[in-house]
Structure formats: structure tokens, C-alpha cells
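Subject: The structure I promised you

Hello,

Here is the structure I mentioned, with the sequence alongside. Please have a look at it first; my notes follow below.

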Amino acid sequence: MTTTLTIRGLHTTIGTSQILHGLDLDVAAGRTTVVLGRNGVGKTTLMRSILGYLDHTGELTFRGASLAGLPTHQRVRRGIAYVPENRDVFAGLTVAENLRLAERRGAEPRYELVFDLFPELKQRLAQTAGSLSGGQQQMVSLARGLLVESHLLIVDEPTKGLAPRVVKEVVAVLRAVREQSTLLMVEQNLMAAGELADDVVILSEGRIAKTGDRRILANREELRRYLSVARSAEHGVD
Amino acid sequence: MDTFFLILATGLSVGALYYLLASGLSLIFGLMDVLSFAHGALLTFSAYSAIMTMNWFGAASTGALLAAIVVSTLVGGAVAFLVEWLFLRPMYARGHLSQLLVTMGIGLVLIAAVTIGFGPDPRSMPLPDNVSGSIDVFGVLIPVSALVTVAAALLLHAGLMAFLRRTRHGLIVRAGVENADMVRGLGIDVAKSFAMVFTIGGLAAGLAGALALVYVRAGTPHLGDTYLIYAFIVIVIGGIGSLPGTLIAAALVGLSQQFANHYLTGGAGDLLVLALLALMLLARPQGLFGKTGRIV
Amino acid sequence: MTTSRIVKPVALAAVAVLLALVPYTWFPGFGLLPDYTGAAGSLSLLSKVMIMAALAVTFDLLLGQSGLMSFGHVLYFGVGAYAFAMLLAYTSLTFWVAAALTVLLTAGLSLLLSLVALRVENIAYSMVTLAFAQVGAVAVARNYFGTGGESGLRLPTEKIPALFVGLQNTPNVYWFSLATLAVVVTAAALVVRSRFGLSLRGTRDNALRMRVLGYNVYGLRLAVSVVASTLAGLCGVAYVVTIGGTDPDAVGLMLALSLIFMVVIGGSGSLVGAAIGGTVYAFLDMRLPAVGDGLDAGSVPPLVAHLLGEPDLLLGVIFLIVVFVAPKGIVGIAEAAVAKVRARRAGPLRVVLEEDFR
Ligand SMILES: Nc1ncnc2c1ncn2[C@@H]1O[C@H](COP(=O)(O)OP(=O)(O)OP(=O)(O)O)[C@@H](O)[C@H]1O
Ligand SMILES: [Mg+2]
């Protein structure tokens with residue numbers, strides 16, 4: 001089994017506080033790795049470190065080459081697509097403009113694929129992204145991440161704050177996506193995680209506390225207690 | 001009645017000068033989070049290149065003035081390009097304070113260069129007669145200089161809006177004003193846009209330098225200082241990163257200032273502008289056209 | 001930490017005593033001072049230097065401690081100076097009453113303006129404070145309200161207590177400035193060491209978290225603004241006493257921006273650093289022109305002398321050098337050096353794993 005991304009001894013400091021303390025992680029090619037952990041343990045920090053947003057030390061090897069010293073945009077051009085935690089759509093820009101920003105020289109934009117996955121967006125191309133619902137914004141954000149082909153798709157809590165029906169839609173899309181891509185995602189919704197994960201990683205205090213395959217998710221009650229996530233957040237997925 | 005229109009014209013042309021400086025600053029700040037204190041000095045520095053150009057031509061012809069305006073604009077752009085490349089770029093990772101000090105340092109050096117080259121006393125700008133006079137517009141005498149500055153500001157606005165709305169670079173700038181990090185996350189090198197926007201701001205400041213001379217007719221090493229301050233006020237009132245807001249605020253500030261100075265008492269205009277600013281902050285901290293939630 | 005709570009005040013008190021003895025000394029000035037140390041010219045220069053140091057300390061309360069990048073702090077210095085000079089020039093109030101009233105006035109003005117300015121954050125706040133200060137500068141430059149315009153305002157001599165008048169009383173003026181510096185540093189240090197100071201640093205480092213924890217960030221900022229401005233007003237009063245009047249530079253853009261430079265050159269977030277920064281700046285500002293003048297004698301090429309005679313050029317270059325070479329300022333460099341020495345003495349780091357505590 002090949003690994004797409006290898007992380008060794010990742011230390012990340014934000015301001016004066018160290019968030020990640022020497023973290024090791026392998027993301028297997030063609031599989032979906034789901035990261036879990038209590039609020040504030042550093043899941044987003046891990047994703048942002050991989051993307052090069054945060055100063056960090058340690059080795060990041062992506063498809064055999066080191067990412068050291070590369071700025072964010074070059075890491076993305078190497079083939080890492082990013083769908084951030086709070087969707088981060090450009091609210092004042094139209095849906096079409098949001099998508100156009102994701103186009104890249106030398107890569108074919110896959111508009112048919114995106115509109116197949118999100119037929120709703122096709123109707124709303126001229127609408128500003130800020131006027132969309134949370135679920136629709138999440139779709140724009142995912143569509144941006146999928147528009148050009150990548151080797152690793154990083155998705156941070158795609159179902160956070162969405163209505164149960166929309167959670168279902170998002171999970172359905174990601175199920176389709178995971179068939180063709182390597183996925184690294186944060187997902188606290190255990191039902192959703194259960195549907196998507198091949199590998200599971202649990203973070204604690206800036207380190208890996210536990211890794212394993214999807215069977216970790218079997219003991220849902222225990223995990224839920226540990227993560228202190230409310231059950232009500234998971235309605236809609238079964 | 002004539003005075004009223006005259007003041008209207010001066011108010012608008014002062015506002016136009018504010019806009020020329022503020023539009024660039026607003027984009028620079030919106031995109032890069034850099035507040036450039038060098039732009040006042042950039043205006044001054046370019047203005048002196050306009051004076052030099054006029055003197056080089058000898059005769060104050062319209063052609064010479066046009067050449068001076070072009071030279072001034074290009075000097076502003078070139079200096080801004082170099083400043084961004086050599087001094088600002090190493091500072092992006094270092095936060096506001098360092099960037100601010102760098103632009104302040106550059107500002108001091110530019111002004112000192114002007115003082116060393118031309119002395120601290122005012123240098124007059126020779127103007128062709130057809131520009132220093134007034135023309136009859138529907139029965140009202142309007143100074144040509146006012147028409148020139150207002151036209152320049154409107155042209156710049158139209159040009160910038162077209163750039164922002166119709167080009168990919170413009171799209172990147174608009175997205176970057178909202179969230180530069182996310183633009184990077186889509187594989188785009190925002191630093192290139194930074195350089196471009198800073199240079200555009202420099203070009204606009206250079207244009208403002210020449211046109212400020214058309215309006216005040218003499219340059220001093222501190223020509224740009226007051227314009228810079230009012231440009232800041234205009235940016236805040238208009239809403240940071242919004243050019244239409246900046247345009248309206250520039251006109252508003254220019255007009256209030258000139259009308260109050262004339263009809264109330266000298267200096268009342270400055271206080272009125274300040275009152276406008278305070279009122280705006282109390283009622284709408286994000287400015288006229290600024291987005292809520294993005295109060296920078 | 002605990003030792004520095006005692007060592008620092010003692011060290012500062014010792015410095016104050018040494019400074020108080022300067023008028024009795026007669027050392028050469030080595031180009032830093034215009035004359036021997038105890039001479040009137042030197043004392044008067046040192047008075048101004050101490051006021052700048054004090055002003056920089058008041059500004060550190062905003063920028064260094066609270067992360068408030070005000071471009072308008074100079075306004076309160078200027079208002080302190082001008083209100084005091086004008087009260088003496090145009091009313092029958094006595095010296096000390098006018099001084100007290102001035103300080104109150106600065107506090108009130110700061111409260112009003114900060115109520116508005118603090119409605120916005122970050123650079124918008126900077127611009128707004130700058131705008132406020134500029135109106136003060138314009139009012140002064142254009143001679144509104146009898147500010148005296150470009151030439152400034154002279155104090156009527158009969159309103160100044162005799163102990164501050166005349167060349168032979170320069171030491172008294174010097175001690176007055178020193179007292180101002182001492183008051184400002186003490187007050188600022190009390191703020192920094194209090195819970196209030198701790199909360200301020202909290203808002204500086206992470207305002208959002210402080211809000212979540214239930215702190216009133218706006219109120220904290222308002223309070224520190226009023227304290228810093230009031231102390232700046234006091235510095236303004238001392239400035240008037242030192243130069244016997246005021247000049248428009250006291251509210252100028254240049255000084256407003258230079259304050260930032262002072263705090264950065266000294267090391268942002270450290271009161272002592274700010275005082276050092278203010279001192280360095282004041283010396284540069286007042287002695288650089290003399291350096292240029294002194295060189296005109298033909299010892300260097302005329303162009304170099306010409307360049308050196310333009311203090312803004314040197315100042316601008318120094319700004320750039322500081323930012324590129326020493327972004328953490330003088331105190332930062334010193335701390336890094338001390339840390340290096342300590343690390344060498346302490347030997348290699350013993351790694352303690354969290355597991356050991358479980
Ligand atoms: N900009 C910042 N400044 C200071 N501290 C930060 C910053 N961003 C994050 N942190 C801190 O870093 C820690 C990890 O944050 P992170 O966002 O990575 O957590 P997370 O696991 O993604 O949490 P969540 O489940 O809430 O998304 C938190 O304690 C947070 O307070
Ligand atoms: Mg997170």
C-alpha cells in the first residue's frame with residue numbers, strides 16, 4: 001500500500017502556544033482517512049499545517065517529495081485540494097466566480113463532474129455566494145475543491161452546522177468522491193464518519209492518540225462520550 | 001450663485017484628488033492589510049518629477065503638461081513597484097507594525113530626497129494658460145483644473161472597476177480583499193496580485209501628484225501629507241476595499257470641507273469632516289459600502 | 001519572575017537617583033550633549049529627552065501592552081501642552097491649577113474620542129485616531145483658538161513660578177522633567193503589574209478569547225486609553241515647562257509616527273524598552289542636525305555633509321534598518337543575548353514527557 005502523504009514529527013505553533021507536538025501520520029493512497037478529536041485539539045491546525053498556512057517544523061512528504069518551505073499556493077498546485085472548515089466561500093462573488101477562481105492553468109476544469117454532483121449550483125451560477133444557505137455554500141466550497149483533479153482532497157468538517165437533510169446530501173457526494181480520490185477529512189459526525197472512513201485517526205493534545213481502520217468507529221457510544229459530541233448532531237444519517 | 005458653483009467645483013476637485021490617492025490605498029489595504037504611509041510621499045515625489053518635466057520643456061504648453069502628467073504617473077508606479085519588491089515583500093510574514101514602519105521609513109526617505117534635491121521652499125508649477133483659466137459651462141465659470149482632476153478621477157474609477165470586474169487578475173483581487181488565505185488555498189499566488197495592486201496604487205498616487213500641482217500650482221516637500229490623511233478618512237467613511245464607497249466618500253469629504261470652509265469659517269471644514277467620520281463610525285463602523293463582519 | 005518584581009523597581013530607583021545627580025556633575029558631552037553634563041544647554045536637552053522617554057512609555061501602554069496601534073496618541077501630548085499654555089496665556093488661573101485642569105481636560109477629551117475610536121479595530125482604529133490627531137495638528141498650524149500657528153505659543157513669564165525661570169534655574173526644570181518621567185513610569189508599571197494589565201495583554205494577544213471568557217474588551221481598552229492619554233497630557237505640561245512654551249511639532253504627524261518608532265526600537269511591550277526607545281529617538285532627533293552641521297567644515301565631501309544635514313533621511317534609513325535588522329528592538333536583542341548566556345549555563349534541555357506526570 002502506498003502512502004500519498006507522510007507526516008513525521010510535525011510541530012506547529014500559533015502565536016506563543018504550541019498546538020501540535022510532534023505528530024506522525026500516514027495518509028494511504030486511494031483511501032479515506034478520517035481525523036477525530038475533541039474540540040480544540042488541533043484538527044484544523046493539522047490541516048492548515050499541511051496546506052502551509054501555519055509555520056511548522058517536521059517532515060511532510062507528499063507523493064515522494066518534501067513539501068518543506070513551499071508556500072500554500074504551490075502545495076495546492078502539487079495536487080492538494082482544500083475545503084476549509086467554515087466553507088470560506090467568497091461571499092461577495094457569484095457562484096460562477098467562486099468556481100472560476102479554482103480553475104488552474106494546465107488543468108482541465110471538470111465542470112460537468114461538478115454539476116453532476118451539485119445540480120443545484122448550475123441554477124445559481126449568477127447568485128452571490130453570500131446569499132446562499134449554509135448547505136449550498138458547503139457545496140460551492142466542495143465544488144471548488146473538486147473542480148480540478150487533485151491527488152489529495154482535504155476536507156475539514158464538511159457537515160458542521162448543517163441540517164440533517166443537507167448532511168445526507170453532503171455525505172452522498174463524498175461517498176461518490178471517495179471512490180476516485182484520496183481523502184483526508186475531519187469529521188466529528190460519527191454517522192457520517194462511519195459511512196466514509198477507511199482509516200481513522202484520533203488526535204489528543206496535539207498528538208496522535210490512536211490510529212486504526214474503520215472498526216474503531218464500531219464502539220460509537222464510547223467514542224461519542226470521549227469526543228463529547230451530542231447525539232442530536234447526527235440525526236439524518238443512518 | 002457663481003461662488004456656489006465655484007465651490008462645488010473646487011470641492012469636487014479636492015475630492016477627486018482624495019480619490020486618486022484613496023482608491024489605491026483602499027485596494028492595497030483591502031487586499032494586503034498594509035496601510036501605506038509611503039503614499040503621501042509618493043505623491044510628493046512624483047509631483048516633483050512633473051515639475052522637472054515642465055521645466056525641461058521650458059514652455060508651459062498643453063503638450064508639456066500632458067507629458068508631465070504621464071511622467072509623474074509612471075514615476076509613482078515605478079517607485080511603488082520597487083518599494084513593494086525590495087522592502088515590503090520581506091515584511092508580509094512579519095505583521096502590521098513592521099510593514100508600517102517600512103512604509104514610514106520609505107516616506108521619510110522620499111521626502112528627504114525631495115528636500116535635498118529641491119530645498120524646503122515651494123516650487124511653482126508652470127501651467128499653460130488654457131489650464132490655469134476657467135471656462136464657461138452653461139453660463140457658469142468653472143476652473144479648467146477642476147474639470148481635469150474630476151475627469152481624471154472618474155476615468156481612473158472606471159478603469160479600476162473594469163479591471164476588477166472584467167479581468168481574472170481583478171477577480172483575484174476582489175476575492176483576495178475578502179479572504180486572501182482562501183485564494184492561496186485555490187493554488188493562486190496572491191503575492192503577484194500584491195505587487196500589481198501596490199503598483200497600481202503608486203500609479204494613481206503619481207497621477208494625483210501631477211494633478212495636485214494643477215490644483216495648488218506649487219509643490220512643497222510636504223504636499224502629500226494632508227492628502228494622505230484625508231485619503232485615510234475617505235477610506236474609512238467609504239468602507240475599506242470598496243471603490244464605489246471610496247468615490248462617494250471622496251466627493252462627500254471634498255464638498256463638505258470646501259463648503260464649510262467657505263460658508264462657515266476657515267477650518268470649519270476640517271472639523272466637519274471629522275464629525276462626519278465620527279458619525280459614520282457610530283452609525284456604521286464598516287463604512288458606507290463596507291461589508292458587515294469584515295471590519296478591519 | 002519574583003526577583004524581577006523587586007530587582008526592577010530598585011534598579012529603576014537607582015537610575016532615578018543617578019539622573020537626579022546629573023546637574024551636579026561636569027563630564028564632557030562627547031558630541032551627545034552640546035556641552036558639559038551639568039551645563040544649562042545639556043540639562044535642557046536632557047529634560048526634553050526625558051519627556052520623550054516618558055511619552056514613549058505612555059504609548060507603550062497602548063501599543064505594547066494592549067496592542068492598540070493608535071496614530072493619534074500625540075494629540076494628548078499636544079493638548080496637554082497647548083491647553084496648559086493657553087490657560088496660562090489667556091486666563092488668570094495660576095500655574096499649578098492650570099496644570100491640574102489640563103490633565104483633567106486631557107482625560108475628558110480622551111474619554112470622548114476613545115468612545116468613538118474604539119468602535120472599530122485594527123487599522124481602522126489607527127486611521128481614526130490619526131484623523132483625530134490631524135485635526136488637532138491643523139487647528140494648531142492654522143492658529144485657531146489662539147494657538148499661535150506655526151510659531152507656537154510663548155508662556156507669559158510672570159505666570160511661571162520663579163523657580164523655573166532663567167538659566168540658573170535650569171536644574172529645577174530638569175528635575176521637574178525627571179519627576180514627570182518618574183511619575184509616568186511608576187504609574188505605567190503599576191498598570192502593567194496589575195490584574196488590569198494582565199487582562200490588557202490578554203486582549204492584545206487574543207481579544208476574541210477574552211470576549212468569550214466574559215471580559216469587557218471595549219471597557220478595558222477604553223480604560224487604558226484614558227490612562228495613557230492622561231499621562232501623555234502630563235508629559236505635555238512638562239514639555240511646556242521645559243521649552244517655555246509650545247510649538248506645532250508637539251502635535252505633528254512626524255511625532256505621531258515617531259512614537260511608534262520609539263516603542264519598536266526599544267522593544268514593543270516593555271516599559272523600559274519604550275523609555276530607551278524614546279531616549280534614542282530624542283537624541284537622534286535633536287543631535288543629528290548638529291552632526292550634519294559639524295561636518296560642513298570640509299572634513300567630508302559636501303554631498304555627504306548635505307545628506308547628513310537632512311535628519312529625515314537618516315531617520316528614515318534608521319527606521320528601515322531597525323525593521324530589517326532588529327525587529328524586536330533593543331530590549332529584544334538584549335533578551336536574546338541574556339537567554340543565550342542562560343541556556344549555555346543551564347546545560348542541555350532535559351526532556352520531560354507529559355506521560356511522566358500521569
Ligand atoms: N489564531 C489562533 N490564535 C491562537 N490560538 C489559536 C488560533 N487558532 C487556533 N488556536 C488554538 O489552537 C487550538 C487548536 O485549534 P484547532 O482549530 O486546530 O482545533 P480543532 O481541533 O479544529 O477544533 P474544532 O473542533 O473546534 O474545530 C485551540 O486550542 C485553539 O484555541
Ligand atoms: Mg477545527
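Where chain B meets chain A, 16 residues of chain B and 21 residues of chain A take part in the contact, with contact meaning heavy atoms within 4.5 Å. Between them, chain B and chain A bury about 1700 Å², and carbon and sulfur atoms give 59% of that area. Buried area here is the accessible area (1.4 Å probe) that two parts lose on being put together, summed over both. On the chain B side, 34% of the area buried against chain A comes from L171(B), M182(B) and L186(B), which is more than any other three residues supply.

Before going further, please note that this is a predicted model, in which local features need pLDDT of at least 70 and side-chain atom pairs count only at pLDDT 80 or more, while totals for chains, interfaces and linings use all residues. Residues are numbered from 1 along each chain as its sequence is written, chains are lettered from A and ligands numbered from 1 in the order in which they are written, and side-chain values use heavy atoms, leaving out hydrogens and water.

Back to chains B and A: the interface holds 2 salt bridges, a salt bridge being a side-chain nitrogen of Lys or Arg within 4 Å of a carboxyl oxygen of Asp or Glu. One of the salt bridges joins the side chains of R174(B) and E97(A), at 2.8 Å from N to O. The interface of chain B and chain A also has 9 residue pairs in polar contact, with both residues at pLDDT 80 or more. A polar contact is a pair of N or O atoms within 3.5 Å; within protein, one must be able to donate a hydrogen and the other to accept it, and residues adjacent in sequence count only if both atoms are side-chain atoms.

Next, the ligand. Ligand 1 lies between chains A and C. There are 14 residues around ligand 1, and those that come nearest are G40(A), K43(A), T44(A), T45(A) and E85(A); a residue counts as near if one of its heavy atoms lies within 4 Å. An oxygen atom of ligand 1 lies 2.8 Å from a backbone N or O atom of G40(A), and for a backbone N or O atom of G42(A) the distance to an oxygen atom of the ligand is 3.0 Å. T44(A) uses its side chain, with a polar atom 2.6 Å from an oxygen atom of ligand 1.

Helix 1 (43-50) of chain A and helix 7 (195-212) of chain C each supply at least two residues of the shell around ligand 1. Helices are DSSP runs (H or I, at least four residues), numbered from the N terminus. Helix 1 of chain A gives the largest share of that shell, 3 residues.

Finally, chains C and B. Their contact takes 39 residues from chain C and 42 residues from chain B. Chain C and chain B bury about 3700 Å² between them, with 84% of it on carbon and sulfur atoms. Of the area that chain C buries against chain B, R119(C), I123(C) and M127(C) supply 16%, more than any other three residues. The count of salt bridges between chain C and chain B is 0, and 1 residue pair is in polar contact across this interface, both residues being at pLDDT 80 or more.

Best wishes
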